[in-house]
Amino acid sequence: METLWSIRRYKKEDKEQCFELYKNVWGEQLAELSKRKWNWKFEDNPNNPEKDPFILVLEYKGKMVGLIAGLFTRVLIKGKIYHAPWLIDLMTHPKYRGRGYLLVKKAYEENPFTLNFSTELSYRIGSKMAGFDIHLFFNILMKRPLNLKNVIAKFIKNKLIIKLSTIPLNMLFELIFSPKKSPDITITQISSFDTRIDKFWMQMSKNFNAIVIRDKKYLNWRFVKCPDVKYTIFLAEKEDDIAGYIVLRVCQNTGYIVDFLAKKEGFESLIWQAIRYFRQQKTNSICCLEPKDTFYLKTFKKCGFFTRKGYPTYRFGSRSVLPDVPMEFLREPKNWFLTLGDSDIEMVM
């Protein structure tokens, strides 16, 4: 690296310079959004393995011109816990574009195991410019319409025909794809997760090869304490045992299933509740990240969730140089359980 360029760890006194960089790169609106979430996302993150967050600052002649941040999480892989950062917020000042690969390279050097949902640009930087072997697979956004009017309007332009056909087609769709709520399942809206969720997590974690740890500490930090984003949480119970939970969010007339974890007997009931809730909120459709787990995927399709060409696609990537987390394992999509809430991608929707 030229002597004019240097990379160092973030210090708290850098905060205002970081916000100014966000503003220059992403604009004032996203900069303000990042400012409001900064302490919660980085400094208050209970998953930080060190006192300070993982943020690298790129300087040119001593001036901050870029950064990359890591949103630390704990991942359970085959029964063992690993700390790994989601590499997010990669940016360089418009005057110094093309130097972002220095940050990516340094981030990989300092972290033997990393995760990311990459854009096309960050994918190219990571895999080509930095020259690393990065595992990637695609998660597609699944969608369920709540009103077929908008779907019909894409194919039919006559307003009268749209109006006359919408009601019977909506009824037919709901007849075919309506989820069923089990009479044995009780669903309640909760404001936070209590200690019972830890027992539920310990039971469920055995079913997955690779999954972000979803205990009480993490869930309350991620979905209860998150500033500026309102999540609605429903808990499914069978007798006195938790059968699952689901985290929902409304944004721009669309409902998002941000996170979930459920036993087989509780999952379809939670989907039933999600559809009911989003109808009350008058959203046009519901979206979620396509799961790789066969049971969850089949249930989503049974309940009217579909993927099609043109839906947003997210590149999930991970990289490991750990001997007990081989790249061959990371490359298999079915090893992973992922939702929109695992990273920060849904926060900018």
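Is Lys 80 buried, partly exposed or exposed, and what is its relative accessible area? In this predicted model, local features need pLDDT of at least 70, side-chain atom pairs count only at pLDDT 80 or more, and totals for chains, interfaces and linings use all residues. Residues are numbered from 1 along each chain as its sequence is written, and side-chain values use heavy atoms, with hydrogens and water left out.

Lys 80 is partly exposed, with a relative accessible area of 43%, where buried means under 20%, exposed over 50% and partly exposed in between (1.4 Å probe, protein chains only). The side chain of Lys 80 meets that of Asp 324 in a salt bridge (2.9 Å, N to O), a term that denotes a side-chain nitrogen of Lys or Arg within 4 Å of a carboxyl oxygen of Asp or Glu. By this rule the count comes to 21 salt bridges. Among them, Glu 110 pairs with Arg 9, the closest N and O atoms being 3.4 Å apart; because Glu 110 lies in helix α3 (residues 100-110) and Arg 9 in strand β1 (residues 5-9), the pair ties together parts that are 101 residues apart in sequence. Helices (H or I, at least four residues) and strands (E, at least two) are DSSP runs, numbered from the N terminus.

A salt bridge also joins Arg 36 and Glu 32, with a distance of 3.7 Å from N to O, and these residues, four apart in helix α2 (residues 28-43), are separated by about one helical turn. Arg 36 is partly exposed at 43% relative accessibility, and Glu 32 is likewise partly exposed, with a relative accessible area of 37%.
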